[in-house]
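Please look over the sequence and the coordinates shown below before reading the report. The text is meant to be read beside them.

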Amino acid sequence: MSAPAGYDIRLITNINPMDNLITMSRKEANRYDIIKKTLDKKIKGIEAAEILSLTTRHIRRLKKRVAKDGLKGLIHAGRGKPSRRKLPEKERERIKKLLHKHYPDFGPTFAAEKLNEVHQIKRDPKTIRQIMIAEYLWKPGIKRKEEYRSWRQRRPSLGELEQYDGSYEHWFEARAPKCCLLASIDDATGRITYAKFDEHEGVEPTFNFWREYLEKHGKPMAIYVDKFSTYSMNHKSAKENPDTLTQFKRAMEQLKIEVINAHSSQAKGRVERLFGTLQDRLIKELRLNNISAIPAANEFLIKTFIPRFNAKFGVVPGSEADLHKKITQKETAGFPSIFCRHYERTIRSDYTLSYQNNWYQLEETQAVAIFKKDVVKVEERFDGEIRFKLKGKYLVYRQLPERPKKVSEKSVPWVLVKSLPVR
């Protein structure tokens with residue numbers, strides 16, 4: 001390609017605003033050649049339009065520019081000039097200082113939200129992201145190929161399916177010991193229906209969680225849970241998870257709520273992604289609000305965090321129906337019996353029962369006929385009370401001070417008989 005006298009054309013993308021140096025892309029250089037030939041009447045405007053995939057009207061426009069300004073006529077007028085949308089340097093410096101001081105470990109989206117909420121700086125998260133990358137506060141992730149999994153459509157109605165799980169994490173960072181966040185998320189709306197902190201994910205915290213959930217929302221149709229596999233956490237109660245699942249399924253069966261077991265973490269991806277988001281956002285929110293204890297954290301969850309979270313991340317369900325069923329007075333009265341540990345014991349020949357190394361004597365007068373070898377249901381309630389139930393009736397008993405003693409062989413008098421000769 002020939003250049004006009006006094007100009008040096010370089011096919012580079014960097015802009016250098018020198019008077020005698022015009023930087024052009026290869027596309028612009030090719031366009032100049034074609035337009036120059038039309039001006040020299042070597043080709044027609046229609047042919048130039050076909051070659052450059054432009055309209056004849058635009059070809060005429062380019063011819064006028066080149067005829068008037070030469071090569072510069074094809075260069076965009078804004079090239080080499082700062083963008084009008086460029087962030088003012090004063091504001092950029094202020095954002096840098098705030099990010100380093102208050103949000104050094106925040107993600108770009110969350111940092112942009114806090115800058116708007118707390119400091120009234122409203123900028124796109126992509127802008128904040130570029131600043132954080134330049135300040136080494138954020139490292140862009142590398143996308144890796146993942147296993148293919150097909151999309152599952154959401155349930156249409158609120159209360160049709162609740163995904164439930166617990167997450168052990170340093171929720172208060174170094175300010176308090178590691179604890180567990182229990183949470184349920186509605187499949188149809190993507191909203192947190194209930195959440196609370198507790199020391200572990202054992203039977204009692206799980207039962208307390210769902211008792212409070214039912215009192216607040218009513219009964220959902222189904223609950224999606226994992227298999228409660230044993231966690232690596234060293235808390236003694238955290239290792240009772242197989243028992244937790246057994247007791248939980250039994251309680252839900254009594255309440256006629258379906259329990260669905262997930263066979264992989266991806267199967268209940270909604271609650272797994274929820275904890276990923278909470279481990280990023282909630283930990284920082286607790287830090288910003290100077291919260292370091294479970295009671296204060298639970299109050300913050302209910303009053304502040306969950307309403308904001310649901311307003312931001314909740315979606316419109318496919319149906320306006322709420323499938324939660326109201327709890328009846330009979331069910332409420334039966335909560336102490338439902339939400340406790342249930343086991344079975346067999347009545348011995350002396351009408352005694354053993355449980356947790358203690359012995360209990362059943363009284364003679366009962367509301368139901370009892371027999372030896374009958375299998376009795378044991379209710380171990382969380383207030384320490386023990387109850388025995390048979391055929392829907394509670395049995396009357398008293399605790400024995402010690403285990404009934406067996407008759408030992410040494411206490412039986414033996415008569416020594418001289419053996420007679422065998423005839």
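Predicted model: local features only at pLDDT ≥ 70, side-chain atom pairs only at ≥ 80, totals over all residues.

Residues are numbered from 1 along each chain as its sequence is written, and side-chain values use heavy atoms, with hydrogens and water left out.

**Overall composition**

The secondary structure of the protein comes to 12 helices and 14 strands, where helices (H or I, at least four residues) and strands (E, at least two) are DSSP runs numbered from the N terminus. Of the 423 residues in the protein, 39% are buried; buried means under 20% relative accessible area, exposed over 50%, and partly exposed in between, with a 1.4 Å probe and protein chains only. Among contacts (heavy atoms within 4.5 Å) between residues at least 6 apart in sequence, 64% join residues at least 24 apart.

Two packed helices are described by the angle between their axes and the distance between the axes. Axes are lines fitted to C-alpha atoms, for helices over the stretch in contact, and angles run from 0 to 180 degrees between N-to-C directions.

Helix H1 (residues 26-39) and helix H3 (residues 56-69) have axes that come within 10 Å and cross at roughly 85°, which makes H1 roughly perpendicular to H3; angles under 35 degrees count as roughly parallel, over 145 as roughly antiparallel, 65 to 115 as roughly perpendicular and the rest as oblique. On the H1 side the contact is made by Arg31, Tyr32, Ile35, Thr38 and Leu39, and on the H3 side by His58, Ile59, Leu62, Lys63, Val66 and Ala67. By class, the contact of H1 with H3 has seven nonpolar, two polar and two charged residues, with Ala, Val, Leu, Ile, Met, Phe, Trp, Tyr, Cys and Pro counted as nonpolar, Asp, Glu, Lys and Arg as charged, and the others, Gly among them, as polar.

Helix H4 (residues 89-102) and helix H6 (residues 125-134) pack at an angle of about 70°, with their axes 11 Å apart, so H4 is roughly perpendicular to H6. Arg92, Ile95, Lys96 and Leu99 of H4 meet Ile128, Ile131 and Met132 of H6, and the residues of this contact divide into five nonpolar, no polar and two charged.

| Residue | Relative accessibility |
|---|---|
| Asn298 | 17% |
| Gln247 | 2% |
| Glu285 | 8% |

Asn298 is placed in helix H10 (residues 294-313) and, not counting residues up to four places away in sequence, touches Lys196 and Phe197. A polar atom of the Asn298 side chain lies 2.5 Å from the backbone nitrogen of Phe197.

Gln247, found in helix H8 (residues 241-254), has a side chain joined to that of Arg250 by a polar contact of 3.0 Å; a polar contact is a pair of N or O atoms within 3.5 Å, and within protein one must be able to donate a hydrogen and the other to accept it, while residues adjacent in sequence count only if both atoms are side-chain atoms. A polar atom of the Gln247 side chain also lies 3.0 Å from the backbone nitrogen of His342.

Glu285 lies in helix H9 (residues 269-288), and its side chain makes a polar contact of 2.8 Å with the side chain of Lys114.
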